Each structure stands twice: as C-alpha cells, then as structure tokens.
Amino acid sequence: MGARVAPLGGPVVFRGPPAFERAPGTFRWPLAPPVAVTRRFEPPPDPYKAGHRGADLLGTPGTMVRSAGPGVVAFAGMVAGRPVVSVSHPGGLRTTYEPVDAVIPAGTVVSAGTPLGTLRAGHAGCPESACLHWGLRAGDVYLDPLTLLRRGQVRLLPW
C-alpha cells in the first residue's frame, strides 16, 4: 500500500509504492546527477499537521527539471503563487516538482527524463539559491519520493 500517515499520529509504515514494486528501475532523478538532498521527507503526524511532504534537491536557477518516470503531465501552472508541474504515473502515483517554470503543457505524455521545465530560484528553506521540491503521492497519501530510487528511509511498525 505504501507509506501511510497514521490518523492518530502513529508511525509511518513502508511497504513501497505499488507501481515502484511492479517496475523497479523505471524512475530516475529529476535533476542531473550528482544530486544533493538538502531536506528529506518528514511525514506529518496526521494529514492536517505540519511536515515536509517531499524531498528538496539542490539545484541552480535555470536547471532543466525532468520527469522522474513515465506518465502524463497532470498539471502545469501556479499553486499558491509558485509554479508547479505534476505527473501522473501508472499505478496511481503522482510526482510533483516546484518551483518549476513549465516548458510542457498538461496532457502531454512523458517518459523518464522528459524535460518538464526550468528550476526557479527562491524555494523557502533552501540553503542555496535554488532547490527543487520533489513530492510523491499515492492517492491522497504522501510518500518519500526517494523510495522511487531505492534511497528513502524505511520505518516499519512492530508486529
């Protein structure tokens, strides 16, 4: 089922995003390697509390951001004053990329590595001039996008 935020503030369970388990190796970094992670995924204790619902990747303004995997561009536009691109992937996964000035419209079919847009400067909390906030969801459940690359943190519940 994937990592899930427990409704009463319990621990996060990881069983892997469904599409990832069916197709390992399908996903790649959205920025050209080497990639530095400046802030990791920090799930909120419940869906309505603060947390960090993605991973921040160090970049430079104007850097090309690419689709992490195959899918369809679901959205390319502004959200709360920031440019965002999101891609729907097989298996019900959706990745998001911000702040990214889109070079591709919603509805476009993409593969891993397809250019989505350019990284904009000014992501809050970034230690340098630009960071890409890379998010992942399965339905309404936020997941660690680094699990797509087998680099996420795994925390299991005791049985």
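Predicted model: local features only at pLDDT ≥ 70, side-chain atom pairs only at ≥ 80, totals over all residues.
**Exercise 1. Find which residue takes a positive phi in the hairpin of E5 and E6, and work out how the two strands pair.**

Start with the turn: three residues lie between the strands, and glycine 91 takes a positive phi near 85 degrees. Strands here are DSSP runs of E with at least two residues, helices are runs of H or I with at least four, and both are numbered from the N terminus. Two strands pair if DSSP finds at least two bridges between them. E5 and E6 have five bridges and pair in the antiparallel sense.

Residues are numbered from 1 along each chain as its sequence is written, and side-chain values use heavy atoms, with hydrogens and water left out.

**Exercise 2. Work out the strand order of the open sheet of three strands, and say which strands stand at the edges.**

Trace the pairing: the order is E3-E9-E7, antiparallel. E3 (64-66) and E7 (100-102) each have a single partner strand, so one side of each is left without a neighbour in the sheet. Now take E7 and E9 (residues 115-119), which are joined by three bridges. Valine 100 has leucine 119 in E9 as its bridge partner.

**Exercise 3. Which residues of the largest nonpolar core touch the most other members?**

First, the term: a nonpolar core is a set of buried Ala, Val, Leu, Ile, Met, Phe, Trp, Tyr and Cys residues joined through side-chain atoms within 4.5 Å. Buried means under 20% relative accessible area (1.4 Å probe, protein chains only). Out of 28 residues, pick Tyr97, Leu116, Leu132 and Trp134. Then ask where the core comes from: E10 gives the largest share, five residues.

**Exercise 4. Describe the aromatic pair of tryptophan 29 and tryptophan 134, and say what the pair ties together.**

Rings of Phe, Tyr and Trp (its six-membered ring) pair if their centres lie within 6.5 Å; planes under 30 degrees apart count as stacked, over 60 as edge-to-face and the rest as tilted. This pair is tilted, at 6.3 Å centre to centre and 50 degrees between the planes. Both tryptophan 29 and tryptophan 134 are buried. Tryptophan 29 lies in the loop between H1 (18-22) and E1 (37-39) and tryptophan 134 in E10, so the pair ties together parts 105 residues apart in sequence.

Methods. Buried < 20%, exposed > 50% of the residue type's maximum accessible area, 1.4 Å probe, protein only.
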